[in-house]
Amino acid sequence: MTRAASPWPALRSRRQATLALLLTLAAPTLQAQRGDPGPRAVTPRGPLAADELQQIELFRRLSPSVVHITTLEVQRDFFNRAVGQAPRGTGTGFVWDAAGHIVTNFHVIQGASAATVTLADQSTHRAQLVGAFPDRDLAVLKIDAAAARLPAIPIGSSRDLLVGQKVFAIGNPFGLDQTLTTGIVSALNREIESFNNRSIRGVIQTDAAINPGNSGGPLLDSAGRLIGVNTQIASPSGASAGIGFAIPVDEVNRVVPRLIRDGRITRPTLGIGAASEAIQRALRLPDGVALVQVTPGGPAARAGLQPFSRGRDGSVVAGDIIVAVNDEPVASLDDLLTLLERRQPGDSVTLNVSRAGRGRKVQAVLAQGD
């Protein structure tokens, strides 16, 4: 018995063809109802605002002075014991002069075995360490490049900064090349701790976004002058939280020439040894630097200063406490070292000292430090 073929497939095929034809005929009508799906017309914006043009020009003019620093570390292959160098970290720096000196943070190059500097034209140069001053988180590198590739950054002043004035930061956050962020001077005369636990005073606080990789980059005023070196952020997450700090340019301009000249900061000395904070608290001494050692023949000894000592019966014999240098108060050894850093061996200073509650002033001529 032969079964007749079902009519349903043929009917289904005709129905699908009819539906497709209806959709094709309706497509122009539906498209007209929806409108043209192509790009919309661009609305003219007019000229850029004056402050936008200023920022664009500032970045165009100053970005060639900003460099990308890549630090390297020695690595040994576990299997064949081959020694090589691998990238360790990145940071920012800026051109100090046409001789190839590059300024950055000390912590950018700390612990590295070598470093390379990439200029704005993307040329890469091996860097040599000229000198570093961890107390102020500053370091100077040097590269061998043509002077035409080394536009020195203009130097400004930080002593006349005002809270609220505009600032600009150029750097390489997270390894991204040449990023500009803007903000204001949020506060002045902040104090932060350097990487060797020394206090850095007079620091600029800014809300310009500063992130890892910005370290060592320039903080600029609206005239495009260097007013600080970006160094740290205050953030629980490690990313910018609107509180960044920059070492003031007046301090940078004092330290960098000495690093270029001597390779290090040689602090003039008074020839003294200072009591620890624990000893000062135990003896209930006032703020200042209590002397526990005076180098024979040194500046302090020639000025007649005496250290604290023990009597024959074991009692403490009062010595001198330095409470000011040239009438600038000294509350701790850190204060004294900061004041001495501003001076040179051979300078004469007036020391305000106290012994057993009685004060006096003495003159001392600073000697060459170690």
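Reader: What do the numbers and cut-offs rest on?
Author: Residues are numbered from 1 along each chain as its sequence is written, and side-chain values use heavy atoms, with hydrogens and water left out. The model is predicted, and local features need pLDDT of at least 70, side-chain atom pairs count only at pLDDT 80 or more, and totals for chains, interfaces and linings use all residues.

Reader: What makes a stretch a helix or a strand, and how many are there?
Author: Both are DSSP runs numbered from the N terminus: helices are H or I with at least four residues, strands are E with at least two. The protein has seven helices and 20 strands.

Reader: Why is Asn189 called exposed?
Author: Exposed means over 50% relative accessible area, buried under 20%, and partly exposed in between (1.4 Å probe, protein chains only). Asn189 has a relative accessible area of 66%, so Asn189 counts as exposed. The residue lies in strand E8, and its phi is near 60 degrees, a positive value in a residue other than glycine.

Reader: Where is Gln122, and what is its phi?
Author: Gln122 is in the loop between strand E4 (114-118) and strand E5 (124-133). Its phi, near 75 degrees, is positive, and the residue is not glycine.

Reader: Why is helix H7 described as largely enclosed?
Author: Seven of the nine residues of H7 (residues 333-341) are buried, so the rest of the structure largely encloses this helix. Those buried residues are Asp334, Asp335, Leu336, Thr338, Leu339, Leu340 and Glu341. In the protein, 40% of the 370 residues count as buried.

Reader: What makes a group of residues a nonpolar core?
Author: A nonpolar core is a set of buried Ala, Val, Leu, Ile, Met, Phe, Trp, Tyr and Cys residues joined through side-chain atoms within 4.5 Å. The largest one has 22 residues, of which Phe94, Leu220 and Val252 touch the most other members. Helix H4 supplies the largest share of this core, five residues. A second, separate core of 19 residues includes Val294, Leu305, Val349 and Leu351.

Reader: How do you know which residues Phe94 touches?
Author: A contact means heavy atoms within 4.5 Å. Leaving out residues up to four places away in sequence, Phe94 touches, among others, Val67, His101, Ile153, Pro218 and Val229. Across the protein, residues 24 or more positions apart account for 60% of the contacts with a separation of 6 or more.

Reader: What makes a space a pocket?
Author: On a 1 Å grid over the protein atoms alone, a pocket is an open set of points where a 1.4 Å probe fits, with protein on both sides within 12 Å along at least five of seven lines; lining residues have an atom within 4 Å of a point. The largest pocket has a volume of about 340 Å³, the volume being the space filled by probe spheres set on the points, which are joined across faces, edges and corners. Its lining has 16 residues, of which Asn189, Arg201, Gly202, Pro248 and Glu251 are the closest to its centre. Strand E9 gives the most to the lining, five residues.

Reader: Which residues lie nearest the centre of the second largest pocket?
Author: Glu277, Gln280, Ala331, Ser332 and Leu333 do, out of 15 lining residues. The volume of this second largest pocket is about 270 Å³. Helices H5 (277-282) and H7 each give two or more residues to its lining, and H5 has the largest share, three residues.
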